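Have the sequence and the 3D view ready as you read.

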Amino acid sequence: MEVEGNWTLVTEFVLVGFTTDPFLRIIFFVLFLASYTLTLIGNLGLMSLIYLDSRLHTPMYFFVGSLSFLDVWYSTVYTPRILSDCVSTNNHMSLAGCAAQFFFSAGLTFSECFLLAFMAYDRFVAICNPLLYATAMPKKLCVQLVVGSYVAGFANSIVHSGNTFRLCFCGSNIINHYFCDVLPLVKMACDNTQVHELILKATIGCNLLVTTAIIVSSYIGIGAAIIRIRSAEGRRKAFFTCSAHLVSVTLFYGSILIMYSRSNSQHAPNWDKVNALFYTVVNPLVNPLIYSLRNKDVKAAFKKVWGRLTANKIMALTYYLFKLDCRFRN
């Protein structure tokens with residue numbers, strides 16, 4: 001800490017995490033290690049299936065693979081730090097480290113908001129114009145939309161991070177959270193935060209308004225198209241095509257809206273930690289399950305790839321035994 005006038009300026013922070021009890025910290029370490037491992041296996045596995053099976057080389061699965069790629073980095077921003085804090089007695093984080101985590105956290109969060117919105121538009125085109133789907137969503141446009149989601153996300157993160165870390169932090173350096181989030185940081189600010197809160201609400205509000213408008217308008221069009229489908233089987237298939245995306249959007253947007261739409265007086269640190277878990281840890285963990293469990297294409301791709309790998313292993317083992325047998329005979 002540094003002393004400036006009557007203030008003690010904060011130059012590093014102490015993250016409280018989930019608990020200070022040593023036994024519970026070990027339990028949390030095991031749980032978060034398991035969730036992080038499963039997150040990596042699930043998302044990297046889904047990306048590999050999409051890459052290896054040509055039947056999954058469609059715009060829909062390109063976006064699903066892009067979401068898995070984003071979720072790998074998204075969970076990596078938070079979980080390794082949580083694991084470190086569970087086994088370490090030194091939970092200090094420098095101001096620069098806090099700013100870096102904050103920047104990537106905000107950037108990836110905004111990016112996922114835009115990516116989910118573009119995925120809704122992709123579903124709209126697929127259901128409303130199935131015959132023109134490949135023409136309306138060429139690979140170049142898909143790449144541009146994914147890149148655009150990252151550009152928009154990190155452009156907003158620059159504004160969000162600059163707006164937050166232009167503040168001076170003083171007094172206690174203890175953050176009652178498991179990562180550097182805007183809400184506990186603002187509480188530590190020495191400056192007047194009215195301008196900061198205005199910019200914060202404008203940034204988050206505009207982004208949620210734009211992305212939510214894309215999602216809602218897309219699903220209004222999808223709903224109208226489903227109503228026009230005469231067969232029950234066709235309606236069921238169309239709804240199933242969107243169900244995974246709807247669950248993912250509800251989980252991600254719902255937890256963020258609950259977190260940031262309340263006033264400061266309504267926030268309780270422990271409940272904020274639980275709520276933040278849904279979009280920082282749970283969402284990247286369950287997304288591969290949401291998009292693959294009831295998906296026949298992904299299941300077929302998994303069986304095909306697994307069969308290919310098994311066949312290669314059998315051939316390699318057979319060749320090794322054959323060579324071994326030849327050596328014994330000689």
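## A buried charged pair

Arg-81 and Asp-85 are both buried. This is a predicted model. The side chains of Arg-81 and Asp-85 meet in a salt bridge, with N to O at 3.1 Å.

Arg-81 and Asp-85 sit 4 residues apart in helix 2 (residues 59-87), so about one helical turn separates them.

## The other salt bridges

The structure holds 3 salt bridges. Side chains of opposite charge can pair when their charged atoms come close.

Another pair is Asp-122 with Arg-123, whose closest N and O atoms are 3.0 Å apart. Asp-122 is buried, with a relative accessible area of 2%. Arg-123 is buried too, at 6%.

Asp-53 pairs with Arg-55, and their closest N and O atoms are 3.1 Å apart. Here the two partners sit on either side of a cut-off. Asp-53 has 1% relative accessibility, so it counts as buried. Arg-55 is partly exposed, at 49%. The label follows because buried means under 20% relative accessible area, exposed means over 50%, and partly exposed lies in between.

## One disulfide

How many disulfides are there? The count comes to 1. It joins Cys-98 to Cys-180, with an S to S distance of 2.1 Å. The link connects distant parts of the chain, 82 residues apart. Cys-98 lies in helix 3 (residues 95-128). Cys-180 lies in the loop between strand 5 (174-175) and helix 6 (182-187).

The torsion about the S-S bond of Cys-98 and Cys-180 is about -130°, so this disulfide is left-handed. Both ends are hidden from the surface: Cys-98 is buried at 0% relative accessibility, and Cys-180 is buried at 1%.

## Further cysteines

Cys-142 is buried, with a relative accessible area of 2%. Cys-168 is in no disulfide. The nearest cysteine sulfur to Cys-168 belongs to Cys-190, 6.0 Å away. Cys-168 is partly exposed, with a relative accessible area of 31%.

## A positive patch

Which residues form the positive patch? They are Lys-237, Arg-294, Lys-296, Lys-299 and Lys-303. Helix 10 (residues 296-329) supplies the largest share, 3 residues.

Lys-299 lies in helix 10. Lys-299 is partly exposed, at 43% relative accessible area.

Notes. Residues numbered from 1 in each chain as written. Predicted model: local features only at pLDDT ≥ 70, side-chain atom pairs only at ≥ 80, totals over all residues. Heavy atoms only, no water. Patch = residues over 30% accessible without salt bridge, like charges linked within 9 Å, V, L, I, M, F, W, Y side chains within 5 Å. Areas by Shrake-Rupley, 256 points an atom, 1.4 Å probe, with all protein chains shown as cover. Salt bridge = Lys/Arg side-chain N within 4 Å of Asp/Glu carboxyl O. Lys, Arg positive; Asp, Glu negative; His and termini not counted. Charge placed at Lys NZ, Arg CZ, Asp CG, Glu CD. Helix = DSSP H or I, 4+ residues; strand = E, 2+ residues; numbered from the N terminus. Buried < 20%, exposed > 50% of the residue type's maximum accessible area, 1.4 Å probe, protein only. Disulfide = S-S within 2.5 Å.
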